[in-house]
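Student: I would like to go through this structure with you. Could we begin with what there is to look at?

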Amino acid sequence: MTAARDYSPTPSRSRSYRRRKPLAPSESSQSFPRPSKVTPLPKTSQQLPLALQFLLLVQKSSTTLTCCLVMITLAVYGWTVYAPTLWTKEFSKLKTLQRNERQLASTNETLKNKMAQQAEQPGSGLTEPNPNQSLFLAPAEVPKISVPVTPASTKAQPLMPDSPIAY
C-alpha cells in the first residue's frame, strides 16, 4: 500500500518543458532575407587524380561484374530447381504411356485368343485355308527414277557433323 501512496500521476517539476512560440510571418522574413536571383556556384574543372580514377573504374566494373554473376547464379539455381521438376513430370508421363501400352498389348492378345477360340468352334462358318482358293497378284511395275550424276570434283557434305552433338 505504500507504493500506491508514493505514486503521483503528474510529472515532477524538476524538468521544465518549454514550448516554442511560432514565429510571426513578419519576424521570419526579417531574420532571413531572400535574394531575388539564384546565383549558381562556380564550376571547378579539377580533374581527379589518376589513382582515384582507376579506383572508380575498378568499382564500376566490379559492380557490373557482380550484378552479372548474381543474375547468372539465379538463372542456374532456377534451372536446377526447374529441370528436376520437369523431368519428374515427363517421367510420370512416360510411365503412364508404358502402362497403357502394356494394357493395349494385353487386350490385343486377349482379343486374338478369343477370335481363335471362336474360329475353332464348328458353327462359326470358317474353313481351313486351301491353296486352291488363294489369290496371287502380279507385282506392279515401279517406274525408275533417274538421279542426275554430279561431277566428282564437288565434295558432298556429310550427313553427320564432324563434332559430336552432345556428350
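Tutor: Let us begin with a definition: two rings of Phe, Tyr or Trp count as an aromatic pair if their centres lie within 6.5 Å. Please keep in mind that this is a predicted model.

Student: How many aromatic pairs does a search of the whole structure find?

Tutor: The search finds two aromatic pairs. One is formed by Trp79 and Tyr82, with 5.8 Å centre to centre and 50° between the planes, and it is tilted.

Student: Where do Trp79 and Tyr82 lie?

Tutor: Both lie in helix H3, three residues apart, which is about one turn of the helix. Trp79 counts as exposed, at 52% relative accessibility, whereas Tyr82 is partly exposed, with a relative accessible area of 45%.

Tutor: The other pair is made by Trp87 and Phe91; their rings are 5.0 Å apart centre to centre, with 10° between the planes, and the pair is stacked.

Student: Why does 10° between the planes count as stacked?

Tutor: Planes under 30 degrees apart count as stacked, so the 10° of Trp87 and Phe91 falls in that class.

Student: How many residues apart are Trp87 and Phe91 in helix H3?

Tutor: They are four residues apart, and about one helical turn separates them. Trp87 counts as exposed, at 56% relative accessibility, while Phe91 is partly exposed, at a relative accessible area of 35%.

Student: New topic: how many salt bridges does the structure hold?

Tutor: It holds two salt bridges. In general, side chains of opposite charge can pair when their charged atoms come close. Lys93 forms one with Glu90, and the closest N and O atoms are 3.6 Å apart.

Student: Which helix do Lys93 and Glu90 lie in?

Tutor: Both lie in helix H3, which covers residues 50-120, and they are three residues apart, about one turn of the helix.

Student: What is the relative accessible area of Lys93?

Tutor: For Lys93 the value is 46%, so this residue is partly exposed. Glu90 also counts as partly exposed, at 40% relative accessibility.

Student: And which residue forms a salt bridge with Glu109?

Tutor: That is Lys112, the closest N and O atoms being 3.7 Å apart. Glu109 and Lys112 are in helix H3, three residues apart, so about one helical turn lies between them. Glu109 is partly exposed, with a relative accessible area of 48%, and Lys112 counts as partly exposed at 48% relative accessibility.

Student: Stepping back, how many helices and strands are there in the protein?

Tutor: There are three helices and zero strands. Along the sequence, the pattern reads α-α-α.

Student: What percentage of the 167 residues count as buried?

Tutor: Of the 167 residues, 0% count as buried. The accessible surface comes to about 18,400 Å², and carbon and sulfur atoms account for 63% of it.

Student: Last topic: which residues make the nonpolar surface patch of about 530 Å²?

Tutor: The patch is made by Leu48, Leu52, Phe54, Leu55, Leu56 and Val58.

Student: Where is Leu52, then?

Tutor: Leu52 is placed in helix H3. At 38% relative accessibility, Leu52 counts as partly exposed.

Conventions: Residues numbered from 1 in each chain as written. Predicted model: local features only at pLDDT ≥ 70, side-chain atom pairs only at ≥ 80, totals over all residues. Heavy atoms only, no water. Salt bridge = Lys/Arg side-chain N within 4 Å of Asp/Glu carboxyl O. Helix = DSSP H or I, 4+ residues; strand = E, 2+ residues; numbered from the N terminus. Buried < 20%, exposed > 50% of the residue type's maximum accessible area, 1.4 Å probe, protein only. Areas by Shrake-Rupley, 256 points an atom, 1.4 Å probe, with all protein chains shown as cover. Phe/Tyr/Trp six-rings, centres within 6.5 Å; stacked < 30°, edge-to-face > 60°. Patch = residues over 30% accessible without salt bridge, like charges linked within 9 Å, V, L, I, M, F, W, Y side chains within 5 Å.
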